Amino acid sequence: MTTMFVRHTVSDYKTWRKAYDDFAPVQKAKGVTAQAVYRAADNPNDITVTHEFASLEAAQAFATSAELKSAMQNAGVAGAPTIWFTNKA
């Protein structure tokens, strides 16, 4: 199992959250098996998201997909996200 972490700042959490929730069918179609959203305690617009995948290849394909890039732009993500991948030990 591979977990993809994404950290980014959004311009408005409520707007971003609606767009994120609306994107759930695409996540599932692209191999996301579980997800979670975290907000920084000192900045509610500082978001970290986790997505779980069956493989690193599936996670990387999702991370580089045009659909994800478009969804992030439309959701109000400010600047480039920080993305990293981990394997459960």
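Before I show anything, one term: a residue counts as buried when its relative accessible area is under 20%, and as exposed when that value is over 50%. Please also keep in mind that what we are looking at today is a predicted model.

Let me begin with strand 3, which runs over residues 43–53, and with Asp-46, whose place is in that strand. Asp-46 has a relative accessibility of 11%, and because buried means under 20%, Asp-46 counts as buried. What does the side chain of Asp-46 join in a polar contact? The partner is the side chain of Arg-7, and the polar contact between the two is 2.4 Å. If we leave aside the neighbours within four places in sequence, Asp-46 is in contact with Arg-7, and also with His-8, Tyr-38, Arg-39 and Ala-40.

Further along strand 3 we come to Val-49, which is buried with a relative accessible area of 2%. Not counting residues up to four places away in sequence, Val-49 touches Met-4, Phe-5 and Val-6, then Trp-16 and Tyr-20, and also Ala-36 and Val-37. Val-49 and Gln-35 are 14 residues apart in sequence, while their C-alpha atoms are 7.2 Å apart in space. Thr-50, also in strand 3, has a relative accessibility of 11% and so counts as buried. Among the residues that Thr-50 touches, again not counting those up to four places away in sequence, are Thr-3, Met-4, Phe-5 and Gln-35.

Now to the helices, starting with helix 1, which spans residues 13–22. Which residues of helix 1 are buried? They are Tyr-13, Trp-16 and Tyr-20, and because they fall within an arc of 65° when we look down the axis, they line one face of the helix. On the other side of helix 1, Lys-14 and Lys-18 are exposed. The buried residues of helix 1 are covered by several elements, including strand 1, helix 2, strand 2, strand 3, helix 4 and strand 4.

In helix 3, residues 56–63, the buried residues are Ala-59, Phe-62 and Ala-63. They cover an arc of only 100° around the axis, and therefore sit on the same side of helix 3. Their cover includes strand 1, helix 2, strand 3, helix 4 and strand 4.

Helix 4, residues 66–75, has Leu-68, Met-72 and Ala-75 buried, and since these fall within an arc of 70° as seen down the axis, they too line one face of their helix. Ala-66, Lys-69, Gln-73 and Asn-74 are exposed on the other side of helix 4. The buried residues of helix 4 pack against strand 1, helix 1, helix 3 and strand 4. Just after helix 4, Gly-76 takes a positive phi of about 90°.

I will finish with the largest pocket, in which about 170 Å³ of space lies. It is lined by 15 residues, and those closest to its centre are His-8, Trp-16, Tyr-20, Leu-68 and Met-72. Which element gives the most to the lining of the largest pocket? Helix 4 does, with four residues, while strand 1, helix 1 and strand 3 are among the elements that each supply at least two.

Conventions
Residues are numbered from 1 along each chain as its sequence is written. This is a predicted model: local features need pLDDT of at least 70, side-chain atom pairs count only at pLDDT 80 or more; totals for chains, interfaces and linings use all residues. Side-chain values use heavy atoms; hydrogens and water are left out. On a 1 Å grid over the protein atoms alone, a cavity is a set of points where a 1.4 Å probe fits but cannot get out, and a pocket is an open set with protein on both sides within 12 Å along at least five of seven lines; lining residues have an atom within 4 Å of a point. Grid points are joined across faces, edges and corners, and a volume is the space filled by probe spheres set on the points. Buried means under 20% relative accessible area, exposed over 50%, partly exposed in between (1.4 Å probe, protein chains only). The arc is that of the directions from the helix axis to the C-beta atoms. Contact means heavy atoms within 4.5 Å. A polar contact is a pair of N or O atoms within 3.5 Å; within protein, one must be able to donate a hydrogen and the other to accept it, and residues adjacent in sequence count only if both atoms are side-chain atoms.
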